[in-house]
Amino acid sequence: MVFAPPAITTEYVLVNGNSVKGLSSPSVSDFEGYSSRVLADVVGYDLEKLAKCESSNNPLVVILDSNNRYSYGLFQYQWLTWKSKMKEYQLAPYADDADLMNLIFDRNTQIRLTLLILRNEVEGWQHWYNCLK
C-alpha cells in the first residue's frame, strides 16, 4: 500500500462564536487504520514513541522545563513556539490567544501541528531533541 498524506483543505470553523473560513491540515482521523510504523515512514519518526517520551501520552500534562518555561500537552509545546507555529501553518488563523491556549491541550491539534513541522521543516525534529536524538 502506498501512503499519501491527506491534503490541506479549506473548512469553516467556529472561532469566538463566529463561523469563519480557515485552513485545516490532516486530522488524526485521517490517519486511522495506518500503523505508527506507516506514520513513522511519512515523517521519519514514530509519533507514538515521541508522545510517550514527551508527555507519557497525556495531552493535558503541563511541565516546567529547565529553561523555566512551561511546556504543554502531548508533544510539550512551549507557548511562544505553539503560537508562532499555529499561525505559520494557519491551523487556527483567526484564533486569539485564549483560543490558542485551549487548543494547546487538544490531542488532534498537537498531532496535526507536529506532523506539519516534521514533514516540512528540515530541522523540525530539533524541537524534540531529547526524545528524537
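## A first look at the chain

Residues are numbered from 1 along each chain as its sequence is written, and side-chain values use heavy atoms, with hydrogens and water left out.

pLDDT is the predictor's confidence in each residue, from 0 to 100. The chain has an average pLDDT of 75, and 66% of the residues score at least 70. Over residues 1-38, pLDDT stays under 50, and the model has 57 contacts beyond four places in sequence for this stretch. Here contact means heavy atoms within 4.5 Å. Where pLDDT is low, the predicted coordinates should not be read in detail.

### The chain as a whole

Of the 133 residues in the chain, 38% are buried. Buried means under 20% relative accessible area, exposed means over 50%, and partly exposed lies in between (1.4 Å probe, protein chains only). The chain exposes about 7900 Å², and carbon and sulfur atoms supply 49% of that area. Accessible areas come from the Shrake-Rupley method with a 1.4 Å probe; for residues, only the protein chains shown count as cover. Among contacts between residues at least 6 apart in sequence, 50% join residues at least 24 apart.

### Helix 5 and its surroundings

Helix 5 covers residues 107-120, and its 14 residues reach 20 Å from the first C-alpha to the last, close to the 20 Å expected at 1.5 Å a residue. The expected span is 1.5 Å times one less than the number of residues. How much of helix 5 is covered? Helix 5 is mostly covered, with 10 of its 14 residues buried. Among these buried residues are Thr109, Gln110, Ile111 and Arg112.

Arg107 also belongs to helix 5, and at 32% relative accessibility Arg107 is partly exposed. Leaving aside neighbours within four places in sequence, Arg107 is in contact with Asn57, Pro59 and Leu74. Arg107 and Pro59 are 48 residues apart in sequence, yet their C-alpha atoms are 5.5 Å apart in space.

Ser55 sits in helix 2 (residues 47-55) and is buried, with a relative accessible area of 5%.

### Salt bridges

A salt bridge is a side-chain nitrogen of Lys or Arg within 4 Å of a carboxyl oxygen of Asp or Glu. By this rule the count comes to three salt bridges.

| Salt bridge | Closest N and O atoms |
|---|---|
| Asp97 with Lys83 | 3.2 Å |
| Lys85 with Glu88 | 3.3 Å |
| Glu121 with Lys85 | 2.9 Å |

Let's start with Asp97 and Lys83, whose closest N and O atoms are 3.2 Å apart. This pair links distant parts of the chain, with Asp97 in helix 4 (residues 97-103) and Lys83 in helix 3 (residues 79-88), 14 residues apart. Asp97 is partly exposed, with a relative accessible area of 40%, and Lys83 is partly exposed too, at 28%.

Next come Lys85 and Glu88, which are separated by about one helical turn because they are three residues apart in helix 3. Lys85 counts as buried at 11% relative accessibility, whereas Glu88 counts as partly exposed at 47%.

Which residue forms a salt bridge with Lys85 at 2.9 Å? That residue is Glu121. The pair links distant parts of the chain: Glu121 lies in the loop between helix 5 and helix 6 (129-132), and Lys85 in helix 3, 36 residues apart. Both Glu121 and Lys85 are buried. Salt bridges that share partners join Lys85, Glu88 and Glu121 into one network.

### A nonpolar patch

On the surface, Val62, Leu64 and Tyr70 form a nonpolar patch with about 280 Å² of accessible area together. Patches are made of residues with over 30% relative accessible area and no salt bridge: like charges are joined within 9 Å, and nonpolar side chains (Val, Leu, Ile, Met, Phe, Trp, Tyr) within 5 Å. Tyr70 lies in strand 4 (residues 70-72) and is partly exposed, with a relative accessible area of 45%.

How values were computed:
Predicted model: local features only at pLDDT ≥ 70, side-chain atom pairs only at ≥ 80, totals over all residues. Helix = DSSP H or I, 4+ residues; strand = E, 2+ residues; numbered from the N terminus.
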